[in-house]
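Here's a quick briefing to read with the model open beside you. It goes through a few loop residues, then some helix pairs, then the domains.

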Amino acid sequence: MSLALLVDGIGELVTNDPSLGEGPLGIVTKACLVAENGRVVFVGPADRAPPADKRIAAHGRCVLPGFVDSHTHLVFAGDRSEEFEARMLGRPYSAGGINSTVASTRAGSNAELSDVAARLVDEALRQGTTTLETKSGYGLTVDDEERSLRVAADVTDEVTFLGAHVVPTEYSGDPGAYVALVTGEMLERCAPLAKWCDVYCEEGAFDADEAREILAAGADKGLGLRVHANQLGYGPGARLAAETGATSADHVTYLDNKDIAALLDANVVATLIPAAEFSTRSRYADGRALADAGVSVALASGCNPGTSYTTSIPFTIALAVRECGLSVDEAIAAATSGGARALLRDDVGTLSPGKRADLVILDAPSRVHLAYRPGVDLVATVVRGGEVAFQSPARKDAGRG
Ligand SMILES: [Zn+2]
């Protein structure tokens, strides 16, 4: 039997449900929240709350939905810190750097891959991420992609097949043969293990025709579609995402007005990954233009060993506000309900009755502190499925009674 959990004394509660409180984020002040059987059952003033067995006193702190990180690459082995260091000294990033992680991943044992993925999921949880997507894409053989997806499925339900990450070196002379492998035997073995099919549509990776073929094959197997699009330059990725009915176009750093219109018309979520731009010292995506156009925006860490080795959504929120032109509230919505939309999830990203009781208690009076105090770990407590999943030893003043 699951016991009911009461979180009371919440100074500022972000529900993401405008019917429950003020503004688009549905902010409720002086609130309490009750969870039972893993779900939110009550949001409102303490004197109307149903009885509970366990209590967390928030002491006036801010509570918000657990972050939904809709784009990570956590199944890999190896370290690319030297590449990062060199890049910071002026060498530009090219998509081929992925092949160095491919070599380490192929050489890694299953246990090693599982350890890395589990460690990073735990690291993300400690920073408030309660739902995340993760991908294959560093195996690039049938066997290595399949085992990567098995590792991914051990840490999340949101598993993405990314056999089309880059053309591996052994196929560099014949990329067509690799596309045939991805859409043939590899997809056959991998589709049953995945929910999504993704493709890196970029110069140096897959062109529009190749990406279209791969996405069509994935859709034929019943997979939802996502596209790495327009990260390194203008190109066909975002329009292809719209054309193929993809749920999300990710990165979208270089977009023209037609690309934005295509995303809007096809209801494709634009997933910003500003930590990749930070870590590659690249131009940032124009989140302001996307939000002003009315495109749904999500915010993801893009965690991967090459171009964005961070699991921190708070850091990503600070970057999106500082560099992508989003307001604090837009960035927070993008990292919670926006991420949920990018994964077609209606059970997470919102704290209203019936939703999963996944929430973060910040050691701060206001959500604004997420962007206002960059680099400071403000996460005091993380509740997932109605249970305390993380309690910061440094910020344990949020008392459990
Ligand atoms: Zn990625």
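**Loops, helix pairs and domains**

Asparagine 230 sits in the loop between β10 (224–229) and α7 (237–243); helices (H or I, at least four residues) and strands (E, at least two) are DSSP runs, numbered from the N terminus. Bear in mind that this is a predicted model, where local features need pLDDT of at least 70, side-chain atom pairs count only at pLDDT 80 or more, and totals for chains, interfaces and linings use all residues. Residue numbers start from 1 along each chain as its sequence is written.

**Loop residues**

- Asparagine 230 isn't a glycine, yet it has a positive phi of about 55 degrees.
- Asparagine 230 is buried, because 27 other C-beta atoms lie within 10 Å. (Buried means 20 or more other C-beta atoms within 10 Å of a residue's own, exposed means 12 or fewer, and partly exposed is in between, with C-beta atoms placed from the backbone.)
- Arginine 281, in the loop between α9 (274–280) and α10 (287–293), is not a glycine either and has a positive phi of about 50 degrees.
- Arginine 281 has 11 C-beta neighbours inside 10 Å, so it counts as exposed.
- Threonine 169 is found in the loop between β8 (158–164) and α5 (175–190), and it counts as exposed because it has 12 C-beta neighbours inside 10 Å.
- Threonine 169 and leucine 264 are 95 residues apart along the chain, and 36 Å separate their C-alpha atoms.

**Helix pairs**

- Packed helix pairs are described by the angle between their axes and the distance between the axes. Here axes are lines fitted to C-alpha atoms, for helices over the stretch in contact, and angles run from 0 to 180 degrees between N-to-C directions.
- α5 and α6 (residues 208–220) have axes that come within 9 Å and cross at roughly 10 degrees. They are therefore roughly parallel to each other; the cut-offs are under 35 degrees for roughly parallel, over 145 for roughly antiparallel, 65 to 115 for roughly perpendicular and the rest for oblique.
- In that pair, Val179, Val182, Thr183 and Leu187 of α5 meet Glu210, Glu213, Ile214, Ala217 and Gly218 of α6, where contact means C-beta atoms, placed from the backbone, within 7 Å.
- The contact of α5 with α6 has 5 nonpolar, 2 polar and 2 charged residues. (Ala, Val, Leu, Ile, Met, Phe, Trp, Tyr, Cys and Pro are nonpolar, Asp, Glu, Lys and Arg are charged, and the others, Gly among them, are polar.)
- α11 (residues 313–323) and α12 (residues 328–342) have axes that come within 9 Å and cross at roughly 140 degrees, so this pair is oblique.
- Ile313, Thr316, Ile317, Ala320 and Val321 in α11 meet Val328, Ala331, Ile332, Ala334 and Ala335 in α12. That contact splits into 9 nonpolar, 1 polar and no charged residues.

**Domains**

- Domain 1 covers 5–66 + 349–395 and domain 2 covers 68–342, with bounds from an automatic or database domain assignment.
- Taken over C-alpha atoms, the centres of domain 1 and domain 2 are 29 Å apart.
- Domain 1 puts 24 residues into the contact and domain 2 puts in 22.
- On the domain 1 side, the elements giving two or more residues are β5 (62–65), α13 (369–372), β15 (379–384) and β16 (387–391). β15 gives the most, with 3 residues.
- By class, this side of domain 1 has 15 nonpolar, 5 polar and 4 charged residues.

Notes:
Contact = placed C-beta atoms within 7 Å.
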